[in-house]
Amino acid sequence: MDLKTLTDEELIEMRKKLDAWLVKHQSSKWGNRFWQFTALAGAYAVIDGLFNSIQSGVTAPNAFEMALGFIIMFSWYRGDKRIKSNTSLLKSVNDEISLRGESTQPDSQDVTG
């Protein structure tokens with residue numbers, strides 16, 4: 001996305017949406033901890049399914065457990081990647097707005113960190 005081609009109003013609107021998303025994301029401490037626990041449970045499922053497959057041979061429940069673990073870990077990876085991408089985009093939008101002479105601080109709080 002080329003931020004230089006957007007108008008000032010579009011940039012400010014994008015910053016407001018990203019600010020709201022970031023505040024919502026940062027406010028949920030237990031949700032983030034649960035998501036990390038779920039990723040660890042997915043890794044455990046893969047390791048357990050692999051270990052059981054080595055010991056007793058590949059069976060349908062072992063394959064299902066490994067597949068489910070991979071899906072959980074991939075979902076966690078994509079979510080973490082999205083968080084980093086949105087945070088980076090918010091920083092870029094704030095930098096572009098400051099270059100254009102607009103206010104660098106959002107109304108709610110400093111969210112660049």
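**Figure 1. The surface of the whole chain.** The accessible surface of the protein chain comes to about 8,100 Å², and carbon and sulfur atoms account for 61% of that surface. Keep in mind as you look around that this is a predicted model. The protein chain has 113 residues, and 24% of them count as buried.

**Figure 2. The helices, one after another.** Start at the N terminus and follow the protein chain along: its elements run α-α-α. In total you will find three helices and zero strands. Now look at which parts of the protein chain touch. Among contacts with a separation of 6 or more, 70% are between residues 24 or more positions apart.

**Figure 3. How helix α1 lies against helix α3.** Here helix α1, residues 8-27, packs with helix α3, residues 60-99. The angle of this packing is about 140 degrees, and the two axes are 10 Å apart. Because angles over 145 degrees count as roughly antiparallel and 65 to 115 as roughly perpendicular, α1 is oblique to α3. The crossing of α1 past α3 is left-handed.

**Figure 4. The residues where α1 and α3 meet.** On the α1 side, look for Leu11, Ile12, Met14, Arg15, Leu18, Asp19, Trp21, Leu22 and His25. They meet a set of residues in α3, namely Ile83, Asn86, Thr87, Leu89, Leu90, Val93, Asn94, Glu96 and Ile97. What kinds of residues make up this contact of α1 with α3? Sorted by type, 11 are nonpolar, four are polar and three are charged.

How values were computed:
Residues are numbered from 1 along each chain as its sequence is written. This is a predicted model: local features need pLDDT of at least 70, side-chain atom pairs count only at pLDDT 80 or more; totals for chains, interfaces and linings use all residues. Side-chain values use heavy atoms; hydrogens and water are left out. Axes are lines fitted to C-alpha atoms, for helices over the stretch in contact, and angles run from 0 to 180 degrees between N-to-C directions. Helices (H or I, at least four residues) and strands (E, at least two) are DSSP runs, numbered from the N terminus. Angles under 35 degrees count as roughly parallel, over 145 as roughly antiparallel, 65 to 115 as roughly perpendicular and the rest as oblique. A crossing is left-handed if the near helix is turned anticlockwise from the far one by less than a right angle, and right-handed if clockwise. Contact means heavy atoms within 4.5 Å. Ala, Val, Leu, Ile, Met, Phe, Trp, Tyr, Cys and Pro count as nonpolar, Asp, Glu, Lys and Arg as charged, and the others, Gly among them, as polar. Buried means under 20% relative accessible area, exposed over 50%, partly exposed in between (1.4 Å probe, protein chains only). Accessible areas come from the Shrake-Rupley method with a 1.4 Å probe; for residues, only the protein chains shown count as cover.
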